[in-house]
Amino acid sequence: LFRLALAQQSDDANAILGLAQAAHLRGDTALASSYLDRAKGATVKSADTLHRFALVAFAAARFEEANLALTEAVKLKPDEPAFYVFLGTTWLKKPDLVEAEQAFRRALELHSDDSTAQMYLGYTLMLQGKYPAARELLEKSLVKESTVPQTFYYLGLISQEEGDDQAAIQH
């Protein structure tokens with residue numbers, strides 16, 4: 001289906017990205033990378049296509065490209081909290097904790113109950129040594145998503161850093 005779309009319009013970013021995703025799922029990272037390179041030159045008209053490009057780039061460990069695509073996507077669709085959460089994760093890969101924190105805070109401004117944004121912001125604050133604020137956000141994220149193992153891990157790390165080994169063991 002994607003190849004048919006490419007035959008009809010060789011610069012269709014969605015079709016190229018579909019092929020990149022398929023190659024990635026098959027474990028063919030070289031081919032996925034090749035399609036990503038091709039998609040960079042394709043006509044990209046929407047925030048959703050940029051987001052899709054970022055998903056494939058991130059999966060291929062091309063974090064800078066994912067970051068650039070998401071930066072453009074949020075300009076086109078500034079009210080989409082999921083874009084900011086994903087943008088924040090790309091900033092964590094750089095690592096730029098200040099930019100990551102800003103992206104996660106923007107996601108929470110748009111959707112205050114987003115447990116994923118709460119968890120990532122808590123993690124970011126933990127990395128900055130802001131343990132009380134990090135703990136608060138991580139515990140808040142557990143209200144909706146009580147089965148996310150990394151949240152418990154982060155809470156354990158905070159307890160350990162604060163010298164509470166018993167609490168660290170419980171998490």
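Is Arg-135 buried, partly exposed or exposed, by relative accessibility?

Modeller: This is a predicted model, in which local features need pLDDT of at least 70 and side-chain atom pairs count only at pLDDT 80 or more, while totals for chains, interfaces and linings use all residues. Residues are numbered from 1 along each chain as its sequence is written, and side-chain values use heavy atoms, with hydrogens and water left out.

Arg-135 counts as buried, at 18% relative accessibility. Here, buried means under 20% relative accessible area, exposed means over 50%, and partly exposed lies in between, with a 1.4 Å probe and protein chains only. The partner of Arg-135 is Glu-162: the two form a salt bridge, with their closest N and O atoms 2.6 Å apart. A salt bridge is a side-chain nitrogen of Lys or Arg within 4 Å of a carboxyl oxygen of Asp or Glu. Arg-135 belongs to helix α9 (residues 131–144), whereas Glu-162 sits in the loop between α10 (149–161) and α11 (165–170), so the pair ties together parts that are 27 residues apart in sequence. Helices (H or I, at least four residues) and strands (E, at least two) are DSSP runs, numbered from the N terminus. Glu-162, at 41% relative accessibility, counts as partly exposed.

By the rule given above, the count comes to 9 salt bridges. Another of them brings together the side chains of Arg-106 and Glu-109, at 3.2 Å from N to O. These two residues are 3 residues apart in helix α7 (residues 97–110), and are therefore separated by about one helical turn. Arg-106 counts as partly exposed, at 25% relative accessibility, and Glu-109 as exposed, at 60%. Beyond this pair, salt bridges that share partners join Asp-79, Arg-106 and Glu-109 into one network.

A further salt bridge is found between the side chains of Arg-62 and Glu-65, where the N to O distance is 2.6 Å. Arg-62 is buried at 13% relative accessibility, and Glu-65 is likewise buried, with a relative accessible area of 19%.

To return to the question, Arg-135 is a buried residue whose salt bridge partner, Glu-162, is partly exposed.
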